[in-house]
Amino acid sequence: AAYETGDHASFMRKEMLEQPEAAQRVLRGRLDERFGTAHLGGLNLDARETRAIKRVKILGCGSAYYVGQMGAALIEELARIPADAEAASEFRYRNPIIEPDTLYVAVSQSGETIDTLLAVQEVRRKGGRVVGLVNVVGSAIARECDGGIYLHAGPEVAVASTKALTTMFLGFALLALQLGRVRDLSIADGRRLIAGLERLPAQIQEILDREDEIAELAGRLADAESLFFVGRVRGFPVAREGAQKFKEISYRHAEAYQTSELKHGPLALISPDVPTVAIVPADELADRNVGALHEIAARRGPLVVVTHDGVDLGEVAAARIVVPRNERELDPVLMTIPLQLLAYHAALRLGHDIDKPRNLAKSVTVE
Ligand code: AGP
């Protein structure tokens, strides 16, 4: 049957609302509660090979790159393997050193993004091992990798990616669990994470159910010519993804910044005309983040804060979007959901074509 929007106004909205099911699908059959681990047979890595991995390098473009940054943090935190993400579009141009004990991970919804495909080929040409986190079955990147897992997000039509990104994050969580449990991750921590992953689909639904409240805030942001998205450590890739989504469909200038770096430059731009969307989870950095919010508020910058219950914003005048709490390692995926809704409702209010924004293609298949 043709893939249609059904009763939804756009594919993007349909795909956002499908996220709880997509999250269930990517996890299904892959969690092992008994041993607190994940089973990703398709990686074609045995325990001995897994223990030999010294580094993880994640390659993707655009939003897949930003989720790759979230994934690198998960792998470092859970598996304690040095990990980072790089834009696949840049990778091959700097003659990268390909190491035999590095695990390369290509991440792509379409599996057809030319820059990611060429990065995979560069790694393999030089003898490196690449696994894929890919949505489209049988796609070029999936075929080119040494192994990998499919994301099972289902077809994604809207140019602005939503449910595929959520499944990418969960794919990285599974990978981090599997890598972690043959190294230092305890069975108790593995089980804690699994319990957290199992709570996620319902928590995503809780956020989606508050669409009206988030739409109202989006209305306030839509008129700004320029805005900041800020976060730090785990929250920074969330801010990057939030700004990306906002730019793609609202055509507003949205700049992502590390909250900690604001005072080293961009604070000069904060004014009543330049709103900031801040990611402030209830983690070890909450107080420092709130300190930065005071700096923004002192310059009368409008604030929307994506946060958890229990974070005390003090005197700061800010609109709050409170998301449910889970294990802190999993905060990024929940904090991204309201940012999708903010971008969507800002674009809707501005009357833009939601599914086919100007100048952009769903997958970039030519160099
Ligand atoms: C996401 O909203 C973008 N349209 C874009 O950045 C996208 O994530 C990127 O082009 C990578 O696409 P892929 O996942 O199909 O490789």
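This is a predicted model: local features need pLDDT of at least 70, side-chain atom pairs count only at pLDDT 80 or more; totals for chains, interfaces and linings use all residues.
Local features are reported only where pLDDT is at least 70 and side-chain atom pairs only at pLDDT 80 or more, whereas totals for chains, interfaces and linings use all residues. Residues are numbered from 1 along each chain as its sequence is written.

The shell around the ligand holds 15 residues, of which Gly62, Ser108, Gln109, Ser110 and Thr113 come nearest; a residue is near the molecule if its C-beta atom, placed from the backbone, lies within 6 Å of it. By class, the shell has 5 nonpolar, 9 polar and 1 charged residues. In this classification, Ala, Val, Leu, Ile, Met, Phe, Trp, Tyr, Cys and Pro count as nonpolar, Asp, Glu, Lys and Arg as charged, and the others, Gly among them, as polar. Helix H4 (residues 62–79) gives the most to this shell, with 3 residues. Helices (H or I, at least four residues) and strands (E, at least two) are DSSP runs, numbered from the N terminus.

The 18 residues of H4 should span 26 Å at 1.5 Å a residue, and the 25 Å between its end C-alpha atoms agrees with this; the expected span is 1.5 Å times one less than the number of residues. Of these 18 residues, 16 are buried, so H4 is largely enclosed by the rest of the structure. A residue is termed buried if 20 or more other C-beta atoms lie within 10 Å of its own, exposed if 12 or fewer, and partly exposed in between, with C-beta atoms placed from the backbone. Ala72, found in H4, is buried, with 23 other C-beta atoms within 10 Å. Leaving aside neighbours within four places in sequence, Ala72 is in contact with Val56, Ile58, Ala83, Asp84 and Ala85; contact requires the C-beta atoms of two residues, placed from the backbone, to lie within 7 Å. The C-alpha atoms of Ala72 and Met335 are 17 Å apart, and the two residues are separated by 263 residues in sequence. Just after H4, Arg80 takes a positive phi of about 55°.

The largest nonpolar core comprises 126 residues, among which Ile75, Val105, Ala106, Met168, Ala173, Ala176 and Leu342 touch the most other members. Such a core is a set of buried Ala, Val, Leu, Ile, Met, Phe, Trp, Tyr and Cys residues joined through C-beta atoms within 7 Å. Beyond its neighbours within four places in sequence, Ile75 is in contact with Val56, Ile81, Ala83, Phe172, Leu175, Ala176 and Leu179.

Helix H10 (residues 211–222) has 12 residues and reaches 16 Å from its first C-alpha to its last, close to the 16 Å expected. Its buried residues include Ile214, Leu217, Ala218, Leu221 and Ala222. Seen down the axis of H10, the buried residues fall within an arc of 145°, so they line one face of the helix; the arc is that of the directions from the helix axis to the C-beta atoms. The face turned away from the buried side of H10 carries the exposed residues Asp212 and Glu216. The buried residues of H10 pack against strand E8 (226–231), helix H11 (235–250), strand E11 (303–307), strand E12 (319–322) and helix H13 (331–350).

In helix H12, residues 286–298, the buried residues are Asn289, Val290, Ala292, Leu293 and Ile296. They cover an arc of only 155° around the axis, which puts them on the same side of H12. Strand E10 (276–280) and E11 are included in what covers these buried residues. The face of H12 turned away from its buried side carries the exposed residues Asp287, Arg288, His294 and Ala298. The 13 residues of H12 reach 18 Å from first C-alpha to last, close to the 18 Å expected.

Most residues other than glycine have a negative phi. Arg300, in the loop between H12 and E11, has a positive phi of about 60° and is partly exposed, with 13 other C-beta atoms within 10 Å. Asn95 likewise has a positive phi, of about 45°, and is found in the loop between helix H5 (88–91) and strand E5 (102–108). Asn95 is exposed, with 9 other C-beta atoms within 10 Å.

Arg328 lies in the loop between E12 and H13 and is partly exposed, with 15 other C-beta atoms within 10 Å. Not counting residues up to four places away in sequence, Arg328 touches Pro281 and Asp283. The C-alpha atoms of Arg328 and Glu367, 39 residues apart along the chain, are separated by 38 Å.
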